Amino acid sequence: MTSTTQYHTDTPRNRQDSSTPGNPTIAVIGAGIAGLSAALAVANGDPDAGLPGQDVVLITKTDLVESNTYHAQGGIAAAIFPDDDPKLHAKDTLAAGAGLCEPKAVDILTREGAEQVRRLIDAGVRFDKHKDGTLLRGLEAAHSRSRVVHAGGDATGKIVELDVSAIARNTPNIHIIEHAFVVDLLTEPIAATAEAQTAGVTRKIRGVRLLDTTTGEQRTLPADRVILATGGAGRLYPYTTNPQVATGDGLAAAWRAGAQVADLEFYQFHPTALGVGEHFLISEAVRGEGAILLNERGERYMTAIDPRAELAPRDVVARENFRQMMAQDGRPVLLDATAIGRKMDLDQPGLAEFLKHRFPTIDAYTRSMGFDWSREPIPVTPAAHYWMGGIRTDLWARTSIRGLYAAGECARTGVQGANRLASNSLLEGLAYGRRAGLAALRDNDDTVWHPQPLLGSAANAQTRDITEPQPLTMPNVDTPTDTGITPADLRATIEQTMWRGVGVLRDAKGLRTAQTRLTELVEQAQTQAQAALARTATTGTPAANTDATASDDLSDVVTALENRNLATIGLVAATAALERTESRGAHARTDFPDTDSVQACSRPFIRG
């Protein structure tokens, strides 16, 4: 049975000495579907290739199951049905990505992703089925086939996370550490071999610095291989479908360590989050079943915007929703699920039963907020949902730091391009999480990454001039001082700055204002984080001390560390958005509304 332990500086049980050739110490950070897939790949190895599994440490920020995966609703897109094919799925993915997808990466996603979904089915993951035992499947925006498998109606992520994490807990080689916050990655310089120089690799991973969020203790976990699977950063914005833990911790740590990043200007805003309360996600699948969008005058508008109407790519729908809201003084637009009843020829009680069965989580939440969506439209608004950009990787999840890998939403693998195709996120975590784990097992101590050129699927010869890593110097705080602002207030300022300047619609003036303000916020956040770490290093918080003051103190420490991460990657995102003087995918500039073929590439950045 797997062990759930506090973190430590010695090697896990049953671990051979990490200096033994071919047996590195491997740590996975994050336990969504990407992290779980990586940990299971390390633990189980690849018997078909004669690759034995070995011990792996799986580190989570809070409880094991709390992740973006757990909150995912719609499903997993996979070409596993007789009328479908991975090549067709790849074609849809490339089209949605607005010219910036890497075709080889997409091919891996759709082929190997389908294989991994079949493995989940064989492992007993509780996907929804017809009475005859065949899989149910749904249609979502920009898919040419109904290929989205789901579980629990609209609770796919929750069920997949619970089922796969249970498998991980029962895998003896996986050693789980909960409630450990990744403060920083530890690296050291490497010998400048010809291959490393060519690849731009100058450092290697040596371990992870962790903060125990229950005791305040700081520890170092030595590791020869670290796989980051820390998810996205929806908490950059005040309106988001992401949970509280989505603060970009792995991405920011990799940036500070010197890893290349790319595509941070492309943040996908989901078109339909509930316009009141916690901005609860109203899944793409609702529109896939036939729901339509209306303005406050009751007029359907998407039919005049795109021939696919409500099933156009998310960026198209989100922008039009935003424009409609601006035309009605910021008030939400309306999602009319009663259109599903008309499409399916259901009376109101029949529609109510269908919505309750097909979308039980959404149905329960909307009713808890006082809406009966089987009778009336519900208010919806765009909200930050998914980051296409992240830590730049090669096709085996390697980064520009030797021994550091990234998978899932924190990674820029090249599969999402400028706009993610609906329900490809869990698929990416499955496929590339497994690849990261296998690469960590296979790679020797001299292996460096082999990234694909950043030319995308709409390559232009002139784009080569703008694909070299661009250094970006960050503010440096040598002497922490009192900022005079609480971590909670600083968080709110970061969120509002990003929403106003780096939100759904952007222009140069707003981006420059955000860039200037975020530079100041990075300085404040760094000061607070350093002071918070100094306090915990001096005093810690005794494990037996459970009073409210100690708990509040540690909560402020975590918030301060998260703010450092959010402000840092927010500044990089604002800079990347300012540099891209065109509109493409999820990046919409009102001052540059057209797509520029010369900019049909990803722009990498690196800490200067």
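Predicted model: local features only at pLDDT ≥ 70, side-chain atom pairs only at ≥ 80, totals over all residues.
Student: Let's start with strands. How do strands of a sheet pair?

Tutor: They pair through backbone hydrogen bonds, and the sense can be parallel or antiparallel. Take strand β7, residues 180-189, and strand β8, residues 203-212: nine bridges join them in the antiparallel sense.

Student: Which strand does β8 join over five bridges?

Tutor: That's strand β9, residues 218-222, and the two run antiparallel.

Student: What happens in the hairpin of β8 and β9?

Tutor: Five residues lie between the strands, and G216 in this hairpin takes a positive phi near 85 degrees.

Student: What is the strand order in the open sheet of five strands?

Tutor: Read it as β18-β16-β11-β20-β19, with mixed pairing. The edges are β18 (411-412) and β19 (470-472), each of which pairs on one side only. For a parallel case, look at β19 with strand β20, residues 604-607, where there are three bridges. There, Q470 stands opposite F605 in β20.

Student: Now the inside. What do nonpolar side chains tend to do?

Tutor: In soluble globular proteins they tend to be buried together. Here the largest nonpolar core has 65 residues, and among those with the most contacts inside it are L185, Y237 and W387. Helix α16, residues 548-579, gives the most to this core, with 10 residues. There's also a second, separate core of 57 residues, including I26, V106, L109 and A439.

Student: What is L185 in contact with, leaving aside its neighbours within four places in sequence?

Tutor: Its contacts include I205, G207, V208, V226, L228 and L404, along with A253, A254 and A257.

Student: Is A339 buried or exposed?

Tutor: A339 is buried, because its relative accessible area is 9%, and buried means under 20%. You'll find A339 in helix α10, residues 338-344. Leaving out residues up to four places away in sequence, A339 touches G290, A291 and I292. A339 and G290 are 49 residues apart in sequence, yet their C-alpha atoms are 6.1 Å apart in space.

Student: How is a pair of aromatic rings described?

Tutor: You give the distance of the centres and the angle of the planes. This structure holds nine aromatic pairs. In one of them, the ring centres of Y237 and F269 are 5.2 Å apart and the planes stand at 75 degrees, so the pair is edge-to-face. This pair links distant parts of the chain, 32 residues apart: Y237 is in the loop between β10 (225-228) and α7 (249-257), while F269 is in strand β12, residues 267-274. Both Y237 and F269 are buried.

Student: Which residues do ring pairs link into a cluster with Y237?

Tutor: The cluster holds Y237, Y239, Y267, F269, W387 and W499.

Student: Which charged residues sit over rings?

Tutor: Here are two cases. The charged end of R420 sits over the ring of Y386, 4.3 Å from its centre. R435 lies over the face of W396, with 3.8 Å to the ring centre.

Student: What is a disulfide, in general?

Tutor: It's a covalent bond between the sulfur atoms of two cysteines. In this model the count comes to zero disulfides. For C410, the nearest cysteine sulfur is that of C101, 18 Å away. C601 has its closest cysteine sulfur in C101 too, at 14 Å, which is too far for a bond. As for burial, C410 counts as buried at 1% relative accessibility, and C601 is buried with a relative accessible area of 0%.

Student: Are D263 and A397 buried or exposed?

Tutor: D263 is buried, with a relative accessible area of 2%, and A397 counts as buried at 0% relative accessibility.

Conventions
Residues numbered from 1 in each chain as written. Heavy atoms only, no water. Pairing = 2+ DSSP bridges. Helix = DSSP H or I, 4+ residues; strand = E, 2+ residues; numbered from the N terminus. Core = buried A, V, L, I, M, F, W, Y, C linked by side-chain atoms within 4.5 Å. Buried < 20%, exposed > 50% of the residue type's maximum accessible area, 1.4 Å probe, protein only. Contact = heavy atoms within 4.5 Å. Phe/Tyr/Trp six-rings, centres within 6.5 Å; stacked < 30°, edge-to-face > 60°. Lys NZ or Arg CZ within 6 Å of the ring centre and 35° of its normal. Disulfide = S-S within 2.5 Å.
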